[in-house]
Amino acid sequence: VRFGFQTTIERLKEFGEPVLRQKNGAAIVTDNGNYIADLKFASGDAAQTARDLKQITGVVETGFFIGMATR
């Protein structure tokens, strides 16, 4: 969520290198009014990483599709 996103970005650093997604130098805002953070991280247990990320206050959803895709 946008409120307190700086703190969320800091917490994401525990998992890798977060970057606020931007276009033309401005943060992209979703239809629900939230920011998107792209996170470059080392490989590992994707399901556990998704669960851990969702436990962070400010994270609405992840780009993991655990149990929804076969590839």
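This is a predicted model: local features need pLDDT of at least 70, side-chain atom pairs count only at pLDDT 80 or more; totals for chains, interfaces and linings use all residues.
To start with the overall picture, the protein is built from two helices and four strands. Read from the N terminus, these elements come in the order α-β-β-β-β-α. The chain has 71 residues, and 17% of them count as buried.

Next come the helices. Helix H1 covers residues 5-12, and its buried residues are Thr8, Ile9 and Leu12. These residues sit on the same side of H1, because they cover an arc of only 100° around the axis. What do the buried residues of H1 pack against? Their partners are strand S1 (17-20), strand S4 (37-40) and helix H2 (46-54).

Helix H2 can be looked at in the same way. Its buried residues are Thr49, Ala50 and Leu53. Seen down the axis of H2, they fall within an arc of 100°, so they line one face of the helix. The cover over these buried residues includes H1 and S4. At the N-terminal end of H2 there is a cap, and aspartate 45 provides it. One of the side-chain oxygens of aspartate 45 lies 3.2 Å from the backbone nitrogen of alanine 47.

Then there is the nonpolar core. The largest one is made up of five residues, namely Ile9, Leu12, Leu39, Leu53 and Ile56. Ile9 and Leu12 have already turned up among the buried residues of H1, and Leu53 among those of H2. With its neighbours within four places in sequence left aside, leucine 12 is in contact with Pro18, Ala37, Leu39, Leu53, Ile56 and Val59.

Finally, the charged side chains. How many salt bridges does the structure hold? There are three. One of them pairs glutamate 10 with lysine 13, and the closest N and O atoms are 2.8 Å apart. Glutamate 10 counts as partly exposed because its relative accessibility is 48%. Lysine 13, at 45% relative accessibility, is likewise classed as partly exposed.

Another salt bridge joins arginine 21 to aspartate 38, with 2.5 Å between the closest N and O atoms. This pair links distant parts of the chain, as the two residues are 17 residues apart. Arginine 21 belongs to the loop between S1 and strand S2 (22-23), while aspartate 38 is in strand S4. With a relative accessibility of 34%, arginine 21 counts as partly exposed, and so does aspartate 38 at 33%.

The remaining salt bridge is formed by lysine 54 and glutamate 61, whose closest N and O atoms are 3.1 Å apart. Is lysine 54 buried or partly exposed? Its relative accessible area is 43%, so lysine 54 is partly exposed. Glutamate 61 has a relative accessible area of 51% and is therefore exposed, given that the cut-off for exposed is over 50%.

Note on methods:
Residues are numbered from 1 along each chain as its sequence is written. Side-chain values use heavy atoms; hydrogens and water are left out. Buried means under 20% relative accessible area, exposed over 50%, partly exposed in between (1.4 Å probe, protein chains only). The arc is that of the directions from the helix axis to the C-beta atoms. Contact means heavy atoms within 4.5 Å. A nonpolar core is a set of buried Ala, Val, Leu, Ile, Met, Phe, Trp, Tyr and Cys residues joined through side-chain atoms within 4.5 Å. A salt bridge is a side-chain nitrogen of Lys or Arg within 4 Å of a carboxyl oxygen of Asp or Glu. A polar contact is a pair of N or O atoms within 3.5 Å; within protein, one must be able to donate a hydrogen and the other to accept it, and residues adjacent in sequence count only if both atoms are side-chain atoms.
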